[in-house]
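Let me put the structure up and then walk you through it.

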Amino acid sequence: MTTAPSDHDTDCSVDHPAGPLGWVDTRLPVVGVFKREYVRFPMPRSLNLLWTVGAMLTVALTLMLLSGLALALHYTPSAADAFASIEEIERRVPGGWLLRSMHMTGASLFVGALYLHLFRGLYYGSYKAPRALLWLIGMTLFAMVLVTAFAGYVLPWGQMSYWGADVAGKAIAAVPGVGPLLERMFLGGDHPGDGTLHRLFVLHFTLAFAVLGVVGLHIAVLHVSGPGTPSGRPPAGPSETLPFHPYFTAKDGLALVVFALAFAAVMFFLPSLIVEPANYRPANPMRTPPNIEPEWYLLPFYGVLQSVPSKLGGLLASVGSILVLFAAPWLDTSPVRSARERPVYRAGMAALVVSFILLGMAGARHVQGVWLYVGQAATLYYFVHFLALMPLVSHREIAAAKRAP
Amino acid sequence: MNRPSFLRGVASAAIVAALLSPASSFAAKGDHDPAPKRAWSFDGPLGHFDLASVQRGYAVYAQVCSNCHGMEHVYFGDLRGMGLNDHQAEAVAESHTVPDGVEGKTRPATLDDAFPTPPVARGLTPGAVIPPDQSRLAVVYPGGPDRIYALLTGYGPPPAGVTEAKDTFYNRFALGRTIAMPPPLHDGSVVYADGTQATLDQEAQDVTTFLAWVAQPHLDERRRVGVRVTLYLLFLGCLLFILKRRVWSNVH
């Protein structure tokens with residue numbers, strides 16, 4: 001699927017439009033690239049609906065950056081004024097309530113769509129050769145997005161913001177040796193305060209735009225090998241592909257409107273699904289809330305953190321549960337890509353999704369009572385899936401492939 | 001292939017997990033009576049505030065609640081959102097005084113001034129419990145408007161065998177069934193400008209509606225915009241559905 005140099009030459013030399021655009025195109029082949037990488041880009045015709053999530057993510061990211069920029073114009077990153085500036089945005093800045101609910105809904109749905117995208121990658125084996133680098137860049141994006149989302153949640157400086165930063169600081173402090181130093185660097189002092197807000201505001205902003213850059217890289221690498229397929233087999237020839245435009249423009253467009261409808265439903269009618277009321281209490285260092293919990297999308301990792309009965313162990317398991325995803329291309333070496341053709345792996349994927357949901361539920365219940373065991377069992381399976389099931393299934397499939405003629 | 005069975009497996013496991021979950025959120029159930037559910041004008045995804053009730057509720061707030069509670073994030077100009085015009089809001093503002101400069105001078109408030117916070121809410125009364133700020137009370141108070149209403153109307157003599165400590169009052173909806181706030185509302189606590197009979201129930205109903213409005217002043221507008229956006233998107237979705245079908249009609 002790689003583009004031969006000769007194609008490139010043809011595209012750039014034949015298709016120059018006339019006029020000023022042609023003048024630019026001979027010097028910077030924007031028109032040629034647009035036609036080659038978008039209009040005529042060959043897409044496997046068998047792609048299912050899960051392959052439209054990428055477009056949703058791109059649009060949601062753009063919305064996050066634009067609404068975030070507008071919010072930043074009115075936000076004050078200081079412990080004394082942050083909460084009041086959010087109140088000002090919600091109550092008196094014209095359209096401020098709309099901007100903020102867009103940004104809050106966007107954060108939840110963006111990470112939600114990201115989980116769907118990640119699931120699709122794992123289920124259909126999108127991480128396998130020749131797409132290992134695409135997977136690594138995608139996982140880097142995932143980690144960056146989680147950090148950005150956490151930093152953003154601290155900025156309103158409500159009770160959950162403050163105590164979330166406090167818990168994160170204590171988790172960092174569990175690193176042996178340098179932990180306390182790292183905690184001080186993260187908090188900018190002994191406890192969350194002005195220093196923390198300044199840091200996290202800059203981090204939130206910087207990472208958000210870095211994410212945009214890495215998304216560009218992600219798409220560029222995608223265009224080298226092209227998208228995978230639900231069957232896992234690359235399209236046999238041009239008869240099994242369709243040009244991106246108009247076929248996938250129309251399909252992605254329809255999917256985007258469906259996504260926008262879900263977005264509007266949550267943002268306008270069901271905001272209680274994503275809004276944490278406790279964060280409308282201003283940060284109070286003297287009063288620990290009874291339930292400190294992060295946003296729903298961080299709950300599974302919070303569940304892992306709490307399920308391990310040691311501070312350092314919990315931190316390692318929690319960070320490890322993200323890092324192990326990076327290693328997927330090297331843990332699963334089977335030539336069979338799609339879970340559709342791998343019954344054992346497919347059952348394993350179902351169990352992985354269930355454990356991930358259970359971890360989130362255990363995280364929300366502070367792994368109390370029976371949830372401690374649920375959390376521990378789910379954590380165990382999560383790692384078994386990647387570290388044992390993936391290599392074992394691969395081993396068996398490779399052996400079977402060798403036996404077959 | 002077997003995808004439906006896969007999805008079914010995930011869904012049933014999630015349902016089993018939900019059924020197994022202990023009701024941990026009800027752990028504190030014994031600490032107060034559950035507030036009965038009430039019908040509010042702003043309930044549900046398409047509800048909207050009864051602005052007459054919001055305005056009457058402001059009267060209750062201004063004459064009773066604001067003696068002790070602050071509402072530091074709300075400005076007099078924000079009152080225009082409950083249906084007052086500029087002159088009416090200015091008249092309300094001018095009836096309050098706010099500090100002017102550092103020498104203890106005061107001046108009449110303007111639309112750009114926040115509601116003044118009474119001394120007790122600023123912690124300036126030694127030994128007094130600090131009353132919570134009411135800017136977002138209806139959102140952050142566990143139980144929401146239902147429980148605020150229940151609390152305001154839930155004072156009564158303690159059951160036999162229970163004696164209240166000094167300066168606290170028995171209220172079966174308060175945390176621990178005891179509260180430092182004296183019963184704030186009685187029949188005729190306020191006089192309504194629109195002639196509505198100021199019974200305890202009416203006052204509690206109105207002030208709760210006002211607190212709910214002030215906690216989410218743009219709720220009505222949010223829902224109005226939402227209906228328009230949803231209709232637009234549904235129309236656009238139909239067009240794109242037809243477009244997609246036509247574009248893909250020659251693919252088999």
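Predicted model: local features only at pLDDT ≥ 70, side-chain atom pairs only at ≥ 80, totals over all residues.

So, confidence in chain B: its mean pLDDT is 88, and 88% of its residues reach 70 or more. Where are they in chain B? One is residues 1–7, where pLDDT stays under 50. The model has three contacts beyond four places in sequence for residues 1–7 of chain B. Another is residues 13–29 of chain B, again with pLDDT below 50. Beyond near neighbours in sequence, residues 13–29 have eleven contacts in the model. For the complex, the predictor gives an ipTM of 0.91 and a pTM of 0.90.

Now, how do the two chains meet? On the chain B side, 36 residues are in contact with 37 residues of chain A. Which helices of chain B supply at least two residues each to that side? Those are H1 (3–20), H4 (137–140) and H7 (219–247). The largest share comes from H7(B), with 14 residues. And if you sort the side of chain B that touches chain A by class, you get 22 nonpolar, nine polar and five charged residues.

Staying with chain B for a second, what does the UniProt record say? An unreviewed entry has the annotation "domain: Cytochrome c" over residues 52–215 of chain B. In the model, that stretch of chain B is 31% helix and 6% strand. The C-alpha atoms at the ends of residues 52–215 of chain B are 17 Å apart.

Last stop, one residue: Lys402(A), in helix H16 of chain A, which covers residues 370–403. Is Lys402(A) buried or exposed? Count the other C-beta atoms within 10 Å and you find 7. The cut-off for exposed is 12 or fewer, so Lys402(A) counts as exposed. And how far is Lys402(A) from Pro277(A), C-alpha to C-alpha? They sit 125 residues apart along the chain, and their C-alpha atoms are separated by 58 Å.

Technical notes. Residues numbered from 1 in each chain as written. Chains lettered and ligands numbered in written order. Contact = placed C-beta atoms within 7 Å. Helix = DSSP H or I, 4+ residues; strand = E, 2+ residues; numbered from the N terminus. Nonpolar A, V, L, I, M, F, W, Y, C, P; charged D, E, K, R; others polar. UniProt positions renumbered as here; feature names shortened; annotations may be inferred. pLDDT = per-residue confidence, 0-100. Buried ≥ 20, exposed ≤ 12 C-beta atoms within 10 Å, placed from the backbone.
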